[in-house]
Amino acid sequence: APGRSLNIADGVFSVPDTHPKPAPAIATFRIDGSVPVAAMLLKNKTLSRNVDFNLDPATSRGTVAANVTVNMVLAHPQPKNTMRYGVSAVLSSFGADKVLMGKKLEASSLSVKASSGGAYQIKGNVKINGLPAAIDLEKKPGAATADVQLTAKLDRAARRKLGLDVGDALSGTVPVRLTGKLDPGESGKDTTFDLEADLTQAKIDDLLPGWVKARGAPAHASAKLTESASGKRF
């Protein structure tokens, strides 16, 4: 976009063997800049066909430092399916609105890896609508959906914010793990997670009639949690 740029440095273009026809070539370089500008680049018509990751430049922020490798052959035009890329990036002071199930995602540092076929993996400690959690989001090459795993420790304030508050019937911090699948291109679809909760350090007092548990007594719970397109949970 006018007035915006990314820094590209340490570029190396090599042809390890000139005998094959067409000869293979490798380009490596480093990219540094702002997340919004990188998001604009990924929306380029040529790149968007190969990068299955949607990030709105208008509602994202932070900086990116990435190492990029591109494998190709020296031919014009490029034979179909001969170009391969790999990206290893770190996003710093990252923030994006409505990027994960319509929620705000923030992180001081996120590790991102991407490769040909629309594959990527995002890992790190984040805040989702202000709630601390660890995220591991991975999309395999050619897959329609991404596997997501979220782990968090929910105190009463966090449970209330998520709409899971049961008042005084449950006290203490509860470690939880959510696993499910996300469709990166369908933000308007319902999303169902498998929820596992470790209630060992929680105290239960008539959560259900007659259900009482002292803090420290082993207990686990599992459930299905569905986030509807309208934002309701059930």
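Predicted model: local features only at pLDDT ≥ 70, side-chain atom pairs only at ≥ 80, totals over all residues.

Me: Where in the chain is alanine 219 found, and which residues does alanine 219 touch?

Reply: Alanine 219 belongs to the loop between strand E13 (212-213) and strand E14 (220-227). Leaving aside residues up to four places away in sequence, its contacts are Ala197, Asp198, Leu199, Thr200 and Lys213.

Me: How far apart are alanine 219 and alanine 134 in sequence and in space?

Reply: The two alanines are separated by 85 residues in sequence, and their C-alpha to C-alpha distance is 23 Å.

Me: Let us turn to charge pairing. How many salt bridges does a search of the whole structure find?

Reply: The general idea is that side chains of opposite charge can pair when their charged atoms come close. In this structure, the search returns eight salt bridges. One of the pairs consists of arginine 30 and aspartate 10, whose side chains meet at 2.4 Å, N to O. Arginine 30 lies in strand E2 (residues 24-34) and aspartate 10 in strand E1 (residues 7-14), so this pair ties together parts that are 20 residues apart in sequence.

Me: Which accessibility classes do arginine 30 and aspartate 10 fall into?

Reply: Arginine 30 is partly exposed, at 29% relative accessible area. Aspartate 10, by contrast, counts as exposed because its relative accessibility is 56%, and the cut-off for that class is over 50%.

Me: What links arginine 156 to aspartate 168?

Reply: These two residues form a salt bridge, with 2.9 Å between the closest N and O atoms. The pair connects distant parts of the chain, twelve residues apart: arginine 156 is in helix H3 (residues 156-161), while aspartate 168 is in the loop between H3 and strand E9 (170-171). Arginine 156 is partly exposed at 33% relative accessibility, whereas aspartate 168 is exposed at 65%.

Me: What is the distance between the closest N and O atoms of lysine 140 and glutamate 138?

Reply: For this salt bridge the distance is 3.8 Å. Lysine 140 is partly exposed, with 42% relative accessibility, and glutamate 138 is partly exposed, with 29%.

Technical notes
Residues numbered from 1 in each chain as written. Heavy atoms only, no water. Helix = DSSP H or I, 4+ residues; strand = E, 2+ residues; numbered from the N terminus. Contact = heavy atoms within 4.5 Å. Salt bridge = Lys/Arg side-chain N within 4 Å of Asp/Glu carboxyl O. Buried < 20%, exposed > 50% of the residue type's maximum accessible area, 1.4 Å probe, protein only.
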